[in-house]
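Welcome! Please take a moment to look over the sequence and the 3D structure before reading on.

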Amino acid sequence: MRDEQLHEGHGDAKDGEILALLKDLPVPPAADGFYGRALGRAVLEGRRRQRRRWIYSGFGAAVAAGLAAWVAIGVLWNVPNPGTPEAHIPGVTIALEQPRTVNLVFSSATPLDDASLTVNLPDGVELAGFPGQRVITWETSLKAGRNLLPLTLIAVSPAGGQLLARLEHDHRDRSFRLQIAVSEDPPGAS
Amino acid sequence: MSRADDRLIFERLLQPHLDRLYRLAWRLAGQKAEAEDLFQELLVKLFGKLDQLAAIEEPGPWLGRVMYNLFIDERRRFARQRLHTVGEGALSGDGLAGLPGPDDPAAEQDLAEKRERLGNALEQLSDEHRIVVLLHDAEGYKLNEIRDLTGTPVGTLKSRLHRARARLRDILESDGTFF
């Protein structure tokens, strides 16, 4: 039933005409073969997304845990910024579409409350849990001594590039760079 | 389940619902490209829910709900371009009286113009009003079916439908469709 009573007594000819027009308002049919193509694309894309979810899953991270690289970073405000171009930039090689945990170790002489850490990822490198995001920011506090930040990286393209981590605290900031190279060989193939 | 099997099962489960889902995508998105994107994205999402889909005895309402939720979640992506395409002098002033027969070219032209004006009037409604009037009056969904699709109480839907129809009439009267 079409709830015609909603017209509440003023369901005159004009309302009837509008209803008739609405009822006959056409939907253009799908193009020939559109459904078949759409189903095929859905299967391909669905499988690709399932694969990516698997890569990002805990299983993937667990596999990667044994492959962690360690990058030590000193948080000393009164020394030259190691993020400058002339400074040595540590590097890590990760395999395409294989998660790899990089442990950034921040060594701080003093506790740093309410610090902000921003990670800028190069194009084609993603952080597990943040698919498609190039910039991720955490509000955090560092204790005096060594502070560990594990980042599980996944290369989704072979380009690689530099990861930039920027730590800000009390109007001061330090930037740290990590050169990421991407190998298209599976782990252990070399 | 092998990869070939899951594709076959996916297609077999969805085939009976494709026309209805495509029409729903059109009604929600309002334009071909956006409707096709919405339809495609729904299928991708459903492939990831194949086990769930296979377990549902009558998947029609559930499929519609998944599409509606997808549309709402990504409304901006699937939003219609609110372009108004009425040309200068397009208004014939004939009113909506006398719907045409198929063999009358002048009447067909008149109907096409009225549909265009109705389409433009629909574009001026809010999404909530447009969707309820299209699903109810154009697609023939019952209010409880729209409630199941959108999660909106029937009382609210009745109110929206009433206001949407009144607004449509106001627009069509003010643009010269009605005298």
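Predicted model: local features only at pLDDT ≥ 70, side-chain atom pairs only at ≥ 80, totals over all residues.

Residues are numbered from 1 along each chain as its sequence is written, chains are lettered from A and ligands numbered from 1 in the order in which they are written, and side-chain values use heavy atoms, with hydrogens and water left out.

**Chain A on its own**

- Chain A has 3 helices and 9 strands; helices (H or I, at least four residues) and strands (E, at least two) are DSSP runs, numbered from the N terminus.
- Contact means heavy atoms within 4.5 Å, and of the contacts in chain A with a separation of 6 or more, 76% come from residues 24 or more positions apart.
- Chain A has 190 residues, and 39% of them count as buried (under 20% relative accessible area; exposed is over 50%, partly exposed in between, with a 1.4 Å probe and protein chains only).
- About 10,200 Å² of chain A is accessible surface, 55% of it belonging to carbon and sulfur atoms (Shrake-Rupley method, 1.4 Å probe).

**Where the chains meet**

- The contact draws on 38 residues from chain A and 49 residues from chain B.
- Together the two chains bury about 4,000 Å², with 63% of it on carbon and sulfur atoms; buried area is the accessible area (1.4 Å probe) that two parts lose on being put together, summed over both.
- A:Leu21, A:Tyr35 and A:Leu39 provide 17% of the area that chain A buries against chain B, more than any other three residues.

**Charged pairs and helices at the interface**

- There are 3 salt bridges between chain A and chain B, a salt bridge being a side-chain nitrogen of Lys or Arg within 4 Å of a carboxyl oxygen of Asp or Glu.
- One salt bridge joins the side chains of B:Arg169 and A:Asp15 (3.3 Å, N to O).
- On the side of chain A that touches chain B, α1 (13-23) and α2 (34-56) each supply at least two residues.
- The helix α2(A) gives the most to that side, with 14 residues.

**A residue to look up**

- A:Glu97 is not a glycine, yet has a positive phi of about 60°.
- You will find A:Glu97 in the loop between β2 (91-95) and β3 (100-108) of chain A.
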